[in-house]
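Dear colleague,

Here is the structure you asked about, with the sequence alongside. My notes on what was found in it follow below.

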Amino acid sequence: VVFVLSPGADTAFDVFRLGEELGFKPGGKLKYMALGQGMGPRAAELIEAGAARGLWVMLQNCHLLPRWLKTLEKILERLHKPHRDFRLWLTSEPTDKFLLGVLQRSLKVRRSMHARCCCQAVLKCPLAVCCRPVLSLPITCRVG
């Protein structure tokens, strides 16, 4: 899931709260980090561990490491059978540097949408469905 944020917006609270409700507590089964210079290798380790063990992984500020997104794309291409509970949450401010291949594999959520609603919708669909290109949810989506 890619959250496209307005400058200064933060969706982490919504993901953390939903995670706690579903047994994916931050620091436990929900791993998160803010990306910055030199953080790419650690982010790759988190994704690979999350895919193998069924963790949620949240990488914030992807717009700060546009060159690393090529590595992210390669990691995603190698994930053939991730654990069914694995979810990758990415946040980014709008940028033309975000790789199309990553976006095509992602559910895109604008920050103007209610993030909690969209997070719940992601949990209801199999990963294979969520990874279809250009899946969009209406602003008034209802889950449950």
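Contact here means heavy atoms within 4.5 Å. In that sense leucine 90 touches Val1, Val2, Phe3, Leu59, Cys62, Leu72, Phe98 and Val102, leaving aside residues up to four places away in sequence. Please keep in mind that this is a predicted model.

The sheet

The model has an open sheet of 5 strands, paired in parallel and ordered E2-E3-E4-E1-E5. Strand E2 (30-34) and strand E5 (108-110) form the edges; each has a single partner strand, so one side of each lacks a neighbour in the sheet. From one strand to the next, the twist averages 15°. E5 runs parallel to strand E1 (residues 2-4), and 3 bridges join the two. In one of these pairings, valine 2 has lysine 108 in E5 as its bridge partner. Helix H1 (residues 12-21) packs on the sheet, where it touches E1, E2, strand E3 (56-60) and strand E4 (87-92). The direction of H1 makes about 170° with that of E3.

The cores

The largest nonpolar core contains 23 residues. Those with the most contacts inside this core are Leu35, Ile47, Leu59, Trp68, Leu72, Leu88 and Leu90. At least two of its residues come from each of helix H2 (40-53), E3, helix H3 (69-78) and E4. H2 gives the most, with 5 residues. There is also a second, separate core of 14 residues, with Val1, Phe3, Leu5 and Ala12 among them.

Helix H2

H2 is 14 residues long and spans 20 Å from its first C-alpha to its last, close to the 20 Å expected at 1.5 Å a residue. Which residues of H2 are buried? They are Gly40, Ala43, Ala44, Leu46, Ile47, Gly50 and Ala51. These residues lie on the same side of H2, because they cover an arc of only 160° around the axis. Just after H2, glycine 54 has a positive phi of about 80°.

Regards

Note on methods: Residues are numbered from 1 along each chain as its sequence is written. This is a predicted model: local features need pLDDT of at least 70, side-chain atom pairs count only at pLDDT 80 or more; totals for chains, interfaces and linings use all residues. Side-chain values use heavy atoms; hydrogens and water are left out. Two strands pair if DSSP finds at least two bridges between them. Helices (H or I, at least four residues) and strands (E, at least two) are DSSP runs, numbered from the N terminus. Axes are lines fitted to C-alpha atoms, for helices over the stretch in contact, and angles run from 0 to 180 degrees between N-to-C directions. A nonpolar core is a set of buried Ala, Val, Leu, Ile, Met, Phe, Trp, Tyr and Cys residues joined through side-chain atoms within 4.5 Å. Buried means under 20% relative accessible area, exposed over 50%, partly exposed in between (1.4 Å probe, protein chains only). The expected span of a helix is 1.5 Å times one less than its number of residues. The arc is that of the directions from the helix axis to the C-beta atoms.
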